[in-house]
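Work through these exercises with the model open beside you. Try each task before reading its solution.

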Amino acid sequence: MALKLDKVSRGPHLPTLVASSISREIARGRLKPGDQLPTVQALAETFGVSRNVVREAIARLASEGLVWSQQGRGAFVSEDSKSTVLKIDHDAMQHGDAFSSLFELRGALEVCAAALAADRRTPTDLAAMRLALTTMAAAPYGSVAWLQADLEFHRAIAAATRNDYLVQFIGFVAERVRESILAAGDQHPSEDMAQATLSEHDLILAAIEARDEAAAQQTMQSHLNGAAQRVGLSQDRPAPPPALPPATGRRKRDVAPA
């Protein structure tokens with residue numbers, strides 16, 4: 001098996017880099033369906049990472065349907081390795097066009113989700129959003145803790161839609177964005193940028209709490225435009241479409257408004 005695996009650069013996205021490298025070997029046919037992956041120890045030595053990093057990378061590949069594992073035997077390339085599971089290659093995100101497209105996809109999902117969350121949110125959803133914002137405010141701007149809390153805020157909005165597919169897609173895309181920002185390193189953060197970001201999130205939360213679907217869409221779009229600019233993208237988007245009108249058959253609220 002003539003694999004072309006190199007050591008990966010250090011950083012919080014190491015499992016992603018390892019998984020991407022193995023995924024490319026599968027895509028290029030150097031790892032074929034049924035092939036056994038090298039041992040965890042061998043992969044750790046090849047990539048220059050810990051065994052825990054390799055295990056996390058293999059777990060990610062397994063969740064994407066590219067490999068399967070058996071206790072005591074190791075990991076194997078899936079027979080149907082051309083998985084239909086959505087994958088976003090980490091290396092591709094280093095190119096501006098791909099990262100910009102990812103942000104565009106994120107906007108298409110999250111603007112719609114904000115309107116649905118405004119209609120369907122519960123007091124528990126609002127509490128999760130507030131907790132995420134409190135955590136963000138207490139963390140240094142742009143830090144791992146800040147970005148994780150930001151991700152949790154957007155996940156809480158997705159959860160409030162009561163649409164499992166939106167939860168999965170938004171969580172997946174937002175995590176890829178977070179990893180790419182971490183990989184890029186210092187974006188020259190400032191206190192003004194921190195306050196602007198927190199203010200945008202506050203406006204989104206206020207609109208969702210008020211059950212104002214149009215405002216939820218508009219504030220989410222404004223936030224994503226601002227976020228794109230803060231990470232070096234020039235990505236102003238047109239105003240979002242009007243909020244979804246009430247319609248027969250829409251999901252009933254589980255509880256009274258908070």
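## Exercise 1: Helix 1 and what follows

Helix 1 is followed by G29, whose phi is positive, near 85°. This is a predicted model.

**Task.** Find how many residues of helix 1 are buried, and compare the reach of helix 1 with its expected span.

**Solution.** 
- Step 1. Helix 1 covers residues 14–27, which is 14 residues.
- Step 2. From first C-alpha to last, helix 1 reaches 20 Å. That is close to the 20 Å expected at 1.5 Å a residue.
- Step 3. Buried means under 20% relative accessible area.
- Step 4. The buried residues of helix 1 include L14, P15, T16, L17 and V18. E25 and I26 are also among them.
- Step 5. Twelve of the 14 residues of helix 1 are buried, so the rest of the structure largely encloses it.

## Exercise 2: The whole chain

**Task.** State which elements the protein has and in what pattern they follow each other.

**Solution.** 
- Step 1. The protein has nine helices and two strands.
- Step 2. Along the sequence the pattern reads α-α-α-β-β-α-α-α-α-α-α.
- Step 3. Burial comes next: 47% of the 258 residues count as buried.
- Step 4. Now take contacts between residues at least 6 apart in sequence. Of these, 71% join residues at least 24 apart.
- Step 5. Look at one pair, A227 and E200. They are 27 residues apart in sequence, and their C-alpha atoms are 9.6 Å apart in space.
- Step 6. A227 sits in helix 9. With a relative accessible area of 11%, A227 is buried.

## Exercise 3: Two partners of helix 8

**Task.** Decide for helix 6 and for helix 5: is each roughly parallel or roughly antiparallel to helix 8?

**Solution.** 
- Step 1. Two packed helices are described by the angle between their axes and the distance between the axes.
- Step 2. Start with helix 6 (residues 144–160) and helix 8 (residues 191–209). Their axes come within 12 Å and cross at roughly 15°.
- Step 3. Angles under 35 degrees count as roughly parallel. Helix 6 and helix 8 are therefore roughly parallel.
- Step 4. Helix 6 passes helix 8 in a left-handed crossing.
- Step 5. On helix 6 the contact is made by W146, D150, F153, H154 and I157.
- Step 6. Turn to helix 5 (residues 123–138). Helix 5 packs with helix 8 at about 170°, with the axes 11 Å apart.
- Step 7. Angles over 145 degrees count as roughly antiparallel, so helix 5 is roughly antiparallel to helix 8.
- Step 8. Helix 5 uses L126, M129, R130, L133, M136 and A137 in this contact. Helix 8 uses T197, L198, H201, D202, L205, I208 and E209.
- Step 9. The residues of the contact of helix 5 with helix 8 divide into eight nonpolar, two polar and three charged.

Notes. Residues are numbered from 1 along each chain as its sequence is written. This is a predicted model: local features need pLDDT of at least 70, side-chain atom pairs count only at pLDDT 80 or more; totals for chains, interfaces and linings use all residues. Side-chain values use heavy atoms; hydrogens and water are left out. Axes are lines fitted to C-alpha atoms, for helices over the stretch in contact, and angles run from 0 to 180 degrees between N-to-C directions. Helices (H or I, at least four residues) and strands (E, at least two) are DSSP runs, numbered from the N terminus. Angles under 35 degrees count as roughly parallel, over 145 as roughly antiparallel, 65 to 115 as roughly perpendicular and the rest as oblique. A crossing is left-handed if the near helix is turned anticlockwise from the far one by less than a right angle, and right-handed if clockwise. Contact means heavy atoms within 4.5 Å. The expected span of a helix is 1.5 Å times one less than its number of residues. Buried means under 20% relative accessible area, exposed over 50%, partly exposed in between (1.4 Å probe, protein chains only). Ala, Val, Leu, Ile, Met, Phe, Trp, Tyr, Cys and Pro count as nonpolar, Asp, Glu, Lys and Arg as charged, and the others, Gly among them, as polar.
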